[in-house]
Each structure stands twice: as structure tokens, then as C-alpha cells.
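Subject: Structure for your review

Dear colleague,

Please find the structure below, together with its sequence.

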Amino acid sequence: MDSKKKKTDVRALALDTLVDMDRNQKLSHVAIGDTLIRHQFMARQDRAFYTHLCEGVTERRITLDYMLDSLSGTPMRKCKPLIRNLLRMGAYQILYMQVPDAAACNEAASLAKKRGFRNLAGFVNGVLRNLSRKKEEIPLPDRESEPVRYLSVKYSMPEWIVSLFTRQYGEEVCEKILAACLEVRPVTIRTNLSRISPEGLKARLEVEKVRVEEAPYLPYAFAIYDYNYLGKIPSFKEGLFAVQDVSSMLPVSVADIREDDLILDLCAAPGGKTFHAADLLGPKGKIISRDLTEFKIDYIKENKERMHYNQVEIQQWDACVPDPELFGKADLVIADLPCSGLGIMGRKNDIKYHADPSRIKDLVILQRKILEQAWRYLKPGGQLIYSTCTINEEENVDNVSWMTEHTPLRPVSIEERLPEELRGRTGKDGYLQLIPGIDRCDGFFFAKLLNTNVNE
């Protein structure tokens with residue numbers, strides 16, 4: 001086994017992954033996850049190096065291309081995908097990793113030769129050695145004359161997103177958001193309260209040699225470190241916890257859940273809010289957990305079986321399509337809807353490259369189409385929790401306003417149910433916008449609204 005680990009060419013694996021993402025537009029967590037599963041017996045330090053390199057190159061792509069373009073006669077966009085990603089890999093190691101510059105240059109040139117680009121190995125080596133010599137001298141765009149481009153290059157964020165955040169939050173908060181997107185994020189977990197106490201889970205993880213720290217805001221949330229592979233942690237396999245950011249836990253924590261409630265989760269995959277609600281509901285109530293595709297439904301089923309939530313019924317259903325049989329029957333509807341994901345760019349580092357303004361317009365149309373049906377499932381006096389993992393006002397505050405104008409839903413206060421640290425920001429409007437760089441979690445939006453229609 002040890003000899004096989006030593007033979008693993010980690011840089012070659014990273015190159016294959018990055019080229020796959022570049023050519024086929026594959027999402028980074030999918031491409032990286034597939035490789036780690038295929039090479040699950042790779043040495044721990046190799047897994048860490050591979051993951052750091054792939055995620056880092058993806059996260060810093062705009063900055064890397066700017067630095068490389070300033071030194072190369074051929075812009076990165078015109079290079080062959082393999083050469084482009086070799087240069088990015090080398091540049092990332094030189095600029096952001098504790099790798100000797102000479103090793104980064106030599107390994108990149110060697111890989112070019114091994115992949116049939118012997119004639120370009122000198123070009124790769126030359127550009128990277130030039131970067132090694134001049135990395136402290138390359139100026140960023142001028143902040144005064146080109147503030148958007150400056151922030152874009154410095155924080156590796158598409159210019160249209162920089163402009164959007166600057167317009168909605170101001171330049172100072174925008175820069176805090178961009179900086180937060182580049183911070184290392186721990187894996188955050190939620191205790192399966194139906195199976196174990198937070199104290200019991202912490203003790204169990206420590207026995208399993210996992211480092212555990214308290215996460216902000218909620219007593220049953222933890223951050224975990226120093227493990228090799230999630231699937232090998234016994235308490236994970238036994239369903240004692242779920243991986244979920246604390247920002248994603250907060251929407252359910254502000255709901256008024258009673259033990260005999262009927263709860264409908266409209267867009268549930270992978271099931272985080274469904275199972276969080278199940279913890280608070282207890283065994284007497286019922287949750288109907290729905291999503292659009294068989295793939296997503298299988299994902300919810302897998303988590304249900306691992307975590308043993310018997311009060312959850314899983315159904316494949318298009319949330320845009322009305323289901324008259326459930327009209328007026330739910331005590332709580334959870335509408336955690338598809339969105340641009342601009343609040344979780346620090347955790348999913350390629351969202352920023354796949355998002356675009358026109359797609360956001362389409363998402364708002366989809367969100368309102370779902371919300372048009374969602375309120376109909378509520379009993380009079382029932383509650384709807386609306387949430388997204390974005391910080392874009394058009395998908396958040398504007399949708400709350402739309403609901404108050406087009407449905408009998410009315411916002412209600414969530415103040416008394418929020419952690420003390422987050423109070424004082426919601427007023428009577430019943431919503432909270434969590435912002436990376438301001439709050440100690442991902443960017444998330446959630447609102448609580450009451451069905452005032454007495455005719456259902």
C-alpha cells in the first residue's frame with residue numbers, strides 16, 4: 001500500500017481534474033469528489049495537496065490569469081486547456097502554496113512533456129520562472145480609476161458580481177464579502193438530536209480522533225477538523241450528524257414547530273432542512289419532503305436511511321405544479337428555493353463562474369412560480385419559511401415584497417427565535433440577511449410569513 005501511495009502523481013491528478021472542469025464545465029465539487037472516491041486510499045497528505053491545488057486554482061482563477069497574462073505573449077484564454085491549467089497550477093503553487101518555486105516550474109514542464117506537449121514545455125517553464133522572479137512587481141489595476149476591476153482581480157471575482165455587491169451593499173461591505181469568500185471554511189455539522197445530544201456527539205467524535213469546535217449561533221452545531229475522509233468517520237456512518245452550514249440551520253430554527261405538525265419541504269435535497277425540522281418535530285408529526293428529480297430524491301433517501309428519520313415521507317414532485325390534495329393542510333411549508341448561490345461562493349468556489357445576470361432573472365421567475373403555489377398548502381395561520389443561499393436582494397427582499405403583494409402571506413417577527421448575536425436587524429419584516437465577512441457563517445436569507453387567508 002505504501003509503495004502505491006508514493007507512486008501517486010498528485011499534480012497529474014489535479015491537472016486531469018482541472019482540464020475536465022475547463023472542457024466539460026463540470027462543477028468543481030463533483031470533479032474533485034469523483035477523483036477522491038476513485039483514489040480513496042491515497043495518502044492523507046496527497047489528498048490534502050490535491051484538494052488544495054484544485055480548489056485553489058479554481059478559486060483564484062481570475063487573479064492567476066491576470067498575473068500570467070502580464071507575463072505571457074499568449075493570453076490564457078487562447079492557450080490549449082491543458083497548457084492553460086498547467087500554468088495556473090504552477091502559478092498557484094508559486095503564489096499561494098508552500099512549494100519551492102523551482103519545483104513548481106520543473107513539475108509543470110515535466111507534465112507538459114508527459115502529456116505530449118514537449119514543444120511547449122519550454123514556454124510553460126519560461127512563463128512560470130518569469131512569474132517566480134517578478135511576482136512581487138506585477139501591479140494590480142489602479143483602484144482609483146478602475147475600482148471594480150481592482151476588486152475583481154484582487155479577490156478573483158467576476159466584475160459583474162463586484163458591481164452587484166457594490167450597488168447593493170456599498171464598496172466597504174462588498175470588499176468584506178469578497179475577502180470572506182477566499183477564507184478557508186471548516187466543515188460544519190448539525191447534531192442528529194433524535195439520536196444523540198450535542199455533548200454526546202462531541203465526546204464521540206473526539207474518541208474517533210476528530211477535532212471538534214463549537215460553531216457559532218446554535219448549540220447543536222460544530223466545526224470538525226483533522227479527519228481524512230468523511231465516510232470513514234463511524235459516527236457519520238451511523239447517522240449521528242449531518243453536514244450542514246449553520247446558516248442553513250437558522251431558517252428552521254426560527255420556525256414555530258409543534259409535535260403534531262404536518263410540514264411540507266418543497267425543494268428539499270439533500271434534506272438538511274427536512275431532517276433538522278424532523279429533529280424539532282419529534283416522532284408524532286409528519287414531514288413530506290419533495291424535490292424535482294430522481295437523483296435528488298435518492299440523495300434525500302440516502303440521508304434518511306443513514307440518519308433514521310421515520311417521520312419523513314419522500315416524494316418526487318415539481319414544486320411549480322400544484323397539488324390540490326395538500327391545499328390547506330400544512331402547518332409549515334419550507335420553501336428553500338433554487339437560487340444563484342452567491343452567498344456560498346466561499347464554500348463552492350466555482351459558483352461565481354457559472355452564475356450570470358440573465359440566469360438570475362430566470363431564477364426569480366422560477367422562485368415566484370413556486371411561491372405562487374407554496375402558500376396554498378398552508379392552513380389558515382400556518383407559516384411559510386422562505387430561504388435562499390444568496391445575498392442578492394432581487395431573490396430575497398424583493399421576493400418577500402412580492403409575496404405580500406400577490407399572496408395572503410404576511411411577514412412576522414423572528415427576533416425572539418434568533419440567537420442573541422443576530423437580533424436587532426430584522427424589525428417587523430420577519431427576515432434576516434446573513435452576509436459573509438459580517439456574520440460568522442455563509443451568506444443566507446430567510447423570512448417567516450403567516451398565512452392570513454381564512455377561507456382555505
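Axes are lines fitted to C-alpha atoms, for helices over the stretch in contact, and angles run from 0 to 180 degrees between N-to-C directions. Helices (H or I, at least four residues) and strands (E, at least two) are DSSP runs, numbered from the N terminus. The model is a predicted one, in which local features need pLDDT of at least 70 and side-chain atom pairs count only at pLDDT 80 or more, while totals for chains, interfaces and linings use all residues. Residues are numbered from 1 along each chain as its sequence is written, and side-chain values use heavy atoms, with hydrogens and water left out.

On these terms, the axes of H9 and helix H11 (residues 171-181) cross at roughly 20 degrees and come within 10 Å. H9 and H11 are therefore roughly parallel to each other (angles under 35 degrees count as roughly parallel, over 145 as roughly antiparallel, 65 to 115 as roughly perpendicular and the rest as oblique). Pro147, Leu151, Lys154 and Tyr155 of H9 make the contact with Glu171, Glu175, Leu178 and Ala179 of H11, where contact means heavy atoms within 4.5 Å.

A second pair is formed by helix H7 (residues 101-114) and helix H8 (residues 118-134), which pack at an angle of about 165 degrees with their axes 8 Å apart. H7 and H8 are therefore roughly antiparallel to each other. Among the residues of H7 in this contact are Asp101, Cys105 and Lys113, and those of H8 include Arg118, Val124 and Leu128.

H8 also has a part in the surroundings of H5: the buried residues of H5 pack against helix H4 (44-59), helix H6 (81-96), H8 and helix H9 (147-155). Buried means under 20% relative accessible area, exposed over 50%, and partly exposed in between (1.4 Å probe, protein chains only). In H5, the buried residues are Thr63, Leu64, Asp65, Tyr66, Met67 and Leu68. Asp65 lies in helix H5 (residues 61-69) and counts as buried because its relative accessibility is 14%. Apart from its neighbours within four places in sequence, Asp65 is in contact with Met76 and Arg88.

As for the protein as a whole, its secondary structure comes to 19 helices and 12 strands. Of its 456 residues, 54% count as buried. Its C-alpha atoms fill a box of roughly 75 × 55 × 40 Å, taken along the principal axes. Among contacts with a separation of 6 or more, 73% are between residues 24 or more positions apart.

With kind regards
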